[in-house]
Amino acid sequence: MIQTVFPRDPVARALTFSTMAFAASTGVFYTVSVLYFTRVIGLSAGTVGLGLGIAGGAGVVGSFLAGRWSDRLGAHRVQVWGLVVQAVALAAYSFTADAVSFTLVAVAASAGRGVQGTARQALLARWFTGPERVEVRARLRVVTNVLIGLGTLAAAVALLLDTATAYRTAMVATAVLLLGAVVPLLRLPRRVPELAARMLEDAPASAGPGDDGGAEGAPHPLRDRTYVASVVLNAVMAMQFGVMTVGVPLWVATTDAPTAVVSALLVVNTVLVALLQVRASRGTHDVRAAGRAVRRGGVLLAAACVLYAAAGHGSLAAATALLVLAAAAHSLGEVLSEAGGWGMAFELADPRRAGAYQGLSQTGYALAAMAAPVVVTALPVRFGTPGWLALGAVFAVAGAAAAEVARRAAGARAGAEAVRAGS
């Protein structure tokens with residue numbers, strides 16, 4: 001745990017401290033934002049949903065473009081810019097008074113979030129190598145989960161006070177915390193003089209039309225069929241986040257279990273991710289192992305869907321027990337699928353276009369975040385048990401397909417290396 005909070009590597013340490021502030025800001029925002037938008041600004045729930053949906057599209061675009069910018073300008077700089085834009089946008093929420101201004105601010109905030117997310121992945125891809133790269137990513141995930149939880153607890157004060165001033169203060173706090181996330185990154189180039197050169201390693205000084213900033217001869221990630229397949233399949237797996245945040249709360253309300261169990265399920269998820277994410281990531285720097293992790297994650301997520309469905313047919317005690325078991329299986333599937341997804345995203349990418357490849361990977365996650373609420377409400381929430389079984393099958397098939405993509409990629413790589421060795 002000490003290595004997770006205070007890593008020895010200066011880049012990992014700066015990213016960790018930045019992630020702490022970012023995650024705490026996110027926890028506060030998730031807790032109070034909807035109430036602030038509806039009760040303080042006075043927007044309808046439909047308007048908020050539409051505005052955030054439009055903003056989600058901006059996040060997808062920001063995630064993709066940030067890959068090109070990271071290759072051309074340096075991922076560490078792009079991450080700072082993304083955080084600053086998002087922080088300014090969060091502060092601007094305090095001045096929004098209608099649907100138009102709300103939507104514009106939400107677009108800026110979502111775009112900034114997408115940009116900084118891709119830049120962080122590109123920074124990890126260029127600075128770290130092998131098992132260290134996935135391990136650092138896993139440790140950042142643990143920090144993110146824990147600090148989001150702490151931010152949520154801190155925001156409970158605003159919920160208890162339930163006043164416009166309290167909600168407005170909490171929203172301002174999200175912007176201040178996010179600016180705090182910028183500080184460790186601003187100081188990083190002075191502490192690590194070789195950072196800037198590493199971020200631009202193999203990247204050309206300029207890029208012409210149609211060139212996304214990669215080194216000459218490197219494939220465009222959209223033309224890399226193996227990588228595109230990996231992104232699509234892991235994006236399908238990433239829809240499991242929507243199951244936990246959207247599907248489960250809505251489903252619990254239809255069972256005999258008390259609605260308060262939703263909080264317990266989120267605690268189960270947070271604890272298991274914190275305890276197991278780093279361990280699950282070990283070995284996933286190997287492409288085959290990463291694919292196997294995604295496949296196992298798919299099986300566990302499918303099992304979780306079956307348990308969620310069964311909870312809809314039991315008594316209070318049975319439903320509660322089944323939901324807890326489902327949350328445990330879901331959490332194990334989450335840590336395995338995420339670890340494998342990171343390994344595939346890093347190891348299947350051409351290092352000469354690290355930013356562009358990670359930009360495509362993050363775009364997949366952004367699209368998954370947009371699609372998940374629609375898929376979850378269209379399948380399990382609407383159709384019940386058949387919907388849960390269908391969703392479970394989707395996870396199982398996507399996981400198996402990802403493992404096959406990884407197996408073939410590893411075989412092709414081994415064959416290419418053998419040919420080079422023979423020549």
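1. Let's start where two helices touch. From α4, the residues Ala 75, His 76, Val 78, Gln 79, Gly 82, Leu 83, Val 85, Gln 86, Ala 89 and Ala 92 meet a set in α5: Val 105, Ala 108, Ala 109, Gly 112, Arg 113, Val 115, Gln 116, Ala 119, Arg 120, Ala 122 and Leu 123. Sorted by class, this contact of α4 with α5 holds 13 nonpolar, 6 polar and 2 charged residues. Please keep in mind that this is a predicted model.

2. Now for the geometry of that pair. Helix α4 covers residues 75-92 and helix α5 covers residues 99-127; they pack at an angle of about 155°, and their axes are 7 Å apart. Angles over 145 degrees count as roughly antiparallel, so α4 is roughly antiparallel to α5. The crossing in which α4 passes α5 is left-handed.

3. Helix α4 has a contact with α2 as well. Here Leu 15, Ser 18, Phe 22, Ser 25 and Phe 29 of α2 meet Gln 79, Leu 83, Gln 86 and Leu 90 of α4. This contact of α2 with α4 divides into 5 nonpolar and 4 polar residues, with no charged ones. Have another look at Gln 79, Leu 83 and Gln 86: these α4 residues meet α2, and they are also on the list of those that meet α5.

4. How are α2 and α4 arranged? Helix α2 (residues 10-41) packs with α4 at an angle of about 25°, their axes being 13 Å apart. Because angles under 35 degrees count as roughly parallel, α2 is roughly parallel to α4. Their crossing is left-handed.

Notes: Residues are numbered from 1 along each chain as its sequence is written. This is a predicted model: local features need pLDDT of at least 70, side-chain atom pairs count only at pLDDT 80 or more; totals for chains, interfaces and linings use all residues. Side-chain values use heavy atoms; hydrogens and water are left out. Axes are lines fitted to C-alpha atoms, for helices over the stretch in contact, and angles run from 0 to 180 degrees between N-to-C directions. Helices (H or I, at least four residues) and strands (E, at least two) are DSSP runs, numbered from the N terminus. Angles under 35 degrees count as roughly parallel, over 145 as roughly antiparallel, 65 to 115 as roughly perpendicular and the rest as oblique. A crossing is left-handed if the near helix is turned anticlockwise from the far one by less than a right angle, and right-handed if clockwise. Contact means heavy atoms within 4.5 Å. Ala, Val, Leu, Ile, Met, Phe, Trp, Tyr, Cys and Pro count as nonpolar, Asp, Glu, Lys and Arg as charged, and the others, Gly among them, as polar.
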